[in-house]
There are 2 protein chains.
Amino acid sequence: MGGSSATPGWWPEKGPGMKVVAPGRAPVTLKDVAEHANVSISTASNALTGARKVGAASIEKVLRSAAELGYQRNEAARSLRTGLSNTLGLVIPDVTNPFWAGMVSAIERLAGEAGFQVSLVNTEFAPQRETAALARLVTSVDGVLLFSTNPDAAAVQPLLDLGMPMVAVDERFDLEGLGGVYSDNTGGGRLAAEHLVDAGGTVFGMLGGPGTLTTAAERTAGFTAGLRERGIDVDRIHTVVAPYSFEGGREGVRRLLAAHPDVDAIFACTDNQAIGATFEAHDLGRVVPDDLLVCGFDDISWSSRISPSLTTLRQDSAGMASRAVEMLLDLVTAGGSPEVAVFPVELIERDSTRRR
Amino acid sequence: MGGSSATPGWWPEKGPGMKVVAPGRAPVTLKDVAEHANVSISTASNALTGARKVGAASIEKVLRSAAELGYQRNEAARSLRTGLSNTLGLVIPDVTNPFWAGMVSAIERLAGEAGFQVSLVNTEFAPQRETAALARLVTSVDGVLLFSTNPDAAAVQPLLDLGMPMVAVDERFDLEGLGGVYSDNTGGGRLAAEHLVDAGGTVFGMLGGPGTLTTAAERTAGFTAGLRERGIDVDRIHTVVAPYSFEGGREGVRRLLAAHPDVDAIFACTDNQAIGATFEAHDLGRVVPDDLLVCGFDDISWSSRISPSLTTLRQDSAGMASRAVEMLLDLVTAGGSPEVAVFPVELIERDSTRRR
DNA sequence: ATGAAAGCGCTAACAA
DNA sequence: TTGTTAGCGCTTTCAT
């Protein structure tokens, strides 16, 4: 006879290898539970999962045996059999960005409440990490929440073709079959424009973001459109591109003010940038808000803590996280069809645009 | 005959159910690849994994077939067979805390480079979430990085008994068989004490943390020991307990100063707390550093951005993350024996303890 | 209400 | 160097 005699994995090998140092016994399997409870394996399985009706006495015996033996279901086996992993993939650019960290926290909690694990990938804005992550997740998760910094249909379409439920969040990804949960970035940009004009801005600087970021494109577009609607001429609108980070904001505003010293109002794509911009402006001898109005986007908690406190467009991150998980789980468990939800943003007026 | 005719999972069912809406075909299996390449299934497997020697021609054929068919290995099946999931569990209290967010980012990158996924659990300091997470991870990951806010041997010992490689990080967990990567919290507390005395502090406030946090206990112990060594009497040392958050710092310092208005130097267990304390002190009419010296712990990026910039004890988060992953992977792949590493902390002197 | 057994896709032992 | 096949632990069909 052929067949394996290996006892794979990290528990003690009985073979000649015996390399695994860890003490301990092999995990308790369903078979062990069934034998201990004097029922069949299928009865044990059904007693634990509730997949079909089982006698009260059997349930009792099985549950006690399971507890007594410390049984933990082997997820890999269940996953292989059912095709479901009870895991959600979460692909996100940067967990150290407070806005995204909040989303991760909320998403993990909601997923956990629904019985799903979360497999996290932090792409650090690298397109190849995003692509590679998707390829690897396809066989190991039931659905994907994708914060894409590099919307690449060639990377996503294969998963969609396989029927993988996916919801794009935050960064827009327009693809048939892909759900979406976004903020109204264009509307937010427009609100920023109107507010900065009302606050007394005359020459405007836009701290945009990398070209592949749809949020950056939309916020920039909304901002310039809003300014134009208020009668601001294009030669009084200056745009500069910078990473979505504190340092990006510092460096961006340095370039912006060097090229256009007459800028007196700045809209940044993220609070991280806006805060960096505020600090750099201070170091350059500009007083916010008197010499320079600054408005951000996100409303991270630090925005109300710095001095001057930062005017910003608040995204409903809790609502978005909740809707995204709900939408994805609906696709996973009920096979619903993908939807797109757009959340309004709210202007939070603070000191950085309040001239004395 | 028995046997299943189900086509499980999220790809199209052929059965009468037909509830899954998603279009697409069933995933390509290794068998498909082998047939397409005209080799046996084991040759295909070995060509892809390199587990044993395969002829160059076969490798060529298999790789081309795999690429052509878009083959992705079924991780559940591989995991069931080998007992390895290529996944690391990461149990952490709060990803919105910048210090922990940085650790998550570094850990995910290092794990990814080694070919491991990361299953994230954000416990939000809830003991039951931590316990539940460990129970669930035991069958689905190859190793666990545990930032425990509730070191409970009863929850961890079962995993250790099963031989699960585990490394405690940041928060100490003294248990035979458990690896550890910590900062020298006691030494850090002592450094803070010496620095605050040198900076002119006379009555000292300690913003401690919840009782189950070992970092809080160690930093507090080091701080008071350091003060005693400098001849400070116990009645000039006042300790208050507060959560590891900005709001915790605000609220803690409010209580502290209400009870002991003569406090003129504060050491907080985390920068989050210290920054909250600084803001609250400001709101209470105290000037930092002139009326009140403040020293934090962590050196999150915001500490150098606020005004006044925050003196703090820098933890080597990159080094710790790297060492923790390395240690865990060593346990997982080489079966090494668990070690404990303690990283020194460094005093970063900034404006919050520099009197003019 | 329960049991027997097939088989998910893969790896690895065994055979050639 | 390659092929054949057992079996990882579980769910689920089929039979009772």
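# A guided tour of the two-chain model

Start by selecting strand E4 of chain B, residues 166–169: both of its faces are covered, with B:Met166 and B:Ala168 buried on one side and B:Val167 and B:Val169 buried on the other. Buried means that 20 or more other C-beta atoms lie within 10 Å of a residue's own, exposed that 12 or fewer do, and partly exposed in between, with C-beta atoms placed from the backbone. Strands (E, at least two residues) and helices (H or I, at least four) are DSSP runs numbered from the N terminus.

The model is predicted: local features need pLDDT of at least 70 and side-chain atom pairs count only at pLDDT 80 or more, while totals for chains, interfaces and linings use all residues. Residues are numbered from 1 along each chain as its sequence is written, and chains are lettered from A and ligands numbered from 1 in the order in which they are written.

**Around E4(B)**

Now show helix H7 of chain B (residues 153–161), which makes a right-handed β-α-β unit with E3(B) and E4(B). Right-handed means that, with the strands pointing away from the viewer, the path from the first strand over the helix to the second runs clockwise. Then select strand E5 of chain B, residues 179–183: E5(B) runs parallel to E4(B) and is joined to it by 3 bridges. B:Gly179 in E5(B) stands opposite B:Val167.

**The nonpolar core**

Next, select A:Ile107, A:Ile266, A:Ala324, B:Ile107, B:Ile266 and B:Ala324, the residues with the most contacts inside the largest nonpolar core, which has 179 residues. Such a core is a set of buried Ala, Val, Leu, Ile, Met, Phe, Trp, Tyr and Cys residues joined through C-beta atoms within 7 Å. Centre on A:Ile107: beyond its neighbours within four places in sequence, A:Ile107 is in contact with A:Leu90, A:Val118, A:Leu145, A:Ala321, A:Ala324 and A:Val325. Contact means that C-beta atoms, placed from the backbone, lie within 7 Å.

**Between the chains**

Display both chains. The contact takes 61 residues from chain A and 61 residues from chain B. On the chain A side, helix H4 (75–82), helix H5 (98–113), strand E2 (117–122) and helix H7 (153–161) each supply at least two residues.

**Chain A as a whole**

Chain A has 12 helices and 12 strands. The radius of gyration of chain A, taken over C-alpha atoms, is 27 Å, well over the 21 Å that the globule rule gives for 356 residues, so chain A is more spread out than a compact globule. That rule is 2.2 Å times the number of residues to the power 0.38. Along the principal axes, the C-alpha atoms of chain A fill a box of roughly 85 × 45 × 40 Å. Buried residues make up 53% of the 356 residues in chain A.

**Backbone details**

Most residues other than glycine have a negative phi, and most peptide bonds are trans. Zoom to A:Val288 and A:Pro289, where the peptide bond is cis with omega near 10°. A:Pro289 lies in the loop between helix H11 (271–283) and strand E9 (293–298) of chain A.

Move on to A:Asp298 in strand E9 of chain A. A:Asp298 is not a glycine, yet has a positive phi of about 130°; A:Asp298 is buried, with 30 other C-beta atoms within 10 Å. Finish at B:Asn86, in the loop between helix H4 (75–82) and strand E1 (87–92) of chain B. Phi of B:Asn86 is positive, near 55°, and B:Asn86 counts as partly exposed, with 18 C-beta neighbours inside 10 Å.

Methods:
Two residues are in contact if their C-beta atoms, placed from the backbone, lie within 7 Å. Two strands pair if DSSP finds at least two bridges between them.
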